[in-house]
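This report describes aromatic pairs, strand sheets and helix packing. The sequence and structure come first.

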Amino acid sequence: MKRILVTGAGGSPSANFIRSLRAADEEYYIVGTDADKYYLQRAEVDVKYLAPLANDPKYIDFLNYIIEKENIEFVHAQNDVEVGFLSENREKIKAKTFFPAKETVKILQDKFESFKLWEKAGIKVPKTKLIEGKDTDLDALLEEMGGSMWIRAISGAGGRGSLPVHDVKTAKNWLDFQEKNGSWSGNFTASELLEPETVTWMSLWKDGELVVAQGRKRLYWELSKISPSGVTGATGTGLTYSDAELDDIARRAVLAVDSRPDGLFGVDMAYDKNGVPNPTEINIGRFFTTHEFFTQAGLNMPEMFVKLGYGEEIPAIDNNTNPLPDGLVWIRGMDFRPVLSDMGVIEESVAQRDRILKEIS
């Protein structure tokens, strides 16, 4: 039985990871930590511990205490802050971890640094500029971006600090509002506004070789109406999706940052007006929130990830790029168990409604 420690265990991303391990053929003893005393209570683990924040000077000692007490063999985090911290301090953790190179994690947790490498590699990316200070000429910036632009923080998840703007007044007011996050101090970018259609290419690598990758299109954001940008970071419904051009661009985006990738690389892309997918960020060292979707559809990437982290071999996958069929959907919402279905079932419900309406008219 493998003994795993999951940090941030009370969050939705960790719940998907833990459920995926529970669905594996092998048994796991899972210990969870969380810095939020309320979130901790919903962690689906065997044993749970309230932890200090990752910036606490005693955080590493705390983790190592739990590792020794529970005989933990492998540690995994499902949020950016702890991924960054554990990656940087991996040699101090008294258990296995599975990360790319430290420099890779640093680069990919900075959206502007990622953008510069992709642009240098000749990958089509949205035009992007760093907002360096209050003397930034927002009028010129807006004109350069075509009259509309996307303002967002260079780090963080869930659309942190993001807003589409169409005039200078709104842009300035938003940056002033975000000042606590250093909006005028090189911590925000402005980029051209892409189309709302987005896709994620979740990939697992070992020693520079692609193990498996699967595309997922986002049909809409859950709770988008309560976010000023319309982006919440919470997928409402996801759709399995494959496209050769997208696969090629996603691979190039990963390899432009790391020529010998290891571990997890989730390439987020948005389509431009010409229908070309542009990488906007790579979520590094963690799965996207709703990855139980793939597990329930038959592709248990967390199980594969842990095996590779232990140094174990996994059977080769005949088709390691988009092995799941297109058209599967994962429908989720607050306080609901997610539902796995397919577009055929959904379209039939529409057809049935239309037949009834026609019959009663």
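Which residues do ring pairs link into a cluster? Ring pairs join Phe-17, Phe-74, Phe-98, Phe-287, Phe-305 and Tyr-310.

## Basis

This is a predicted model, in which local features need pLDDT of at least 70 and side-chain atom pairs count only at pLDDT 80 or more, while totals for chains, interfaces and linings use all residues. Residues are numbered from 1 along each chain as its sequence is written, and side-chain values use heavy atoms, with hydrogens and water left out.

## Aromatic pairs

A search of the whole structure gives 11 aromatic pairs. Rings of Phe, Tyr and Trp (its six-membered ring) pair if their centres lie within 6.5 Å; planes under 30 degrees apart count as stacked, over 60 as edge-to-face and the rest as tilted. Phe-112 and Phe-115 make a stacked pair, at 5.8 Å centre to centre and 20 degrees between the planes. Both residues belong to helix H5 (residues 111-120), three residues apart, about one turn of the helix. Helices (H or I, at least four residues) and strands (E, at least two) are DSSP runs, numbered from the N terminus. Phe-112 and Phe-115 are both buried (under 20% relative accessible area, with exposed over 50% and partly exposed in between; 1.4 Å probe, protein chains only).

The pair of Phe-287 and Phe-305 is edge-to-face, with 5.7 Å centre to centre and 80 degrees between the planes. This pair links distant parts of the chain, 18 residues apart: Phe-287 is in the loop between strand S13 (277-284) and helix H9 (292-297), and Phe-305 is in helix H10 (residues 301-309). Phe-287 is buried, at 0% relative accessible area, and Phe-305 counts as buried at 1%.

## Charges over rings

Arg-216 lies over Phe-288, at 4.2 Å from the ring centre, and Lys-217 lies over Tyr-241, at 3.9 Å from the ring centre. The criterion is NZ of Lys or CZ of Arg within 6 Å of the ring centre and within 35 degrees of the ring normal.

## Parallel sheet

Four strands in the order S3-S2-S1-S4 make an open sheet with parallel pairing (two strands pair if DSSP finds at least two bridges between them). Strand S3 (47-50) and strand S4 (74-77) are at the edges, each with a single partner strand, so one side of each has no neighbour in the sheet. Neighbouring strands are turned by 20 degrees against each other on average, direction ignored.

Strand S1 (residues 2-7) is joined to S4 by four bridges, and Thr-7 stands opposite Ala-77 in S4. Helix H2 (residues 59-69) lies across S1, strand S2 (28-34), S3 and S4, at about 155 degrees to S1. Axes are lines fitted to C-alpha atoms, for helices over the stretch in contact (heavy atoms within 4.5 Å), and angles run from 0 to 180 degrees between N-to-C directions.

## Antiparallel sheet

Another open sheet has four strands in the order S5-S8-S6-S7, with antiparallel pairing. Its edge strands are S5 (128-131) and S7 (163-165), each pairing on one side only. The twist averages 25 degrees from one strand to the next.

Four bridges join S5 to strand S8 (residues 188-192), and Leu-130 stands opposite Thr-189 in S8. H5 lies across S5, strand S6 (149-153) and S8, at about 145 degrees to S5.

## Helix packing

The axes of helix H1 (residues 12-22) and H10 come within 8 Å and cross at roughly 80 degrees. H1 and H10 are therefore roughly perpendicular (65 to 115 degrees; under 35 counts as roughly parallel, over 145 as roughly antiparallel and the rest as oblique). Phe-17, Ser-20 and Leu-21 in H1 meet Pro-302, Glu-303, Phe-305 and Val-306 in H10.
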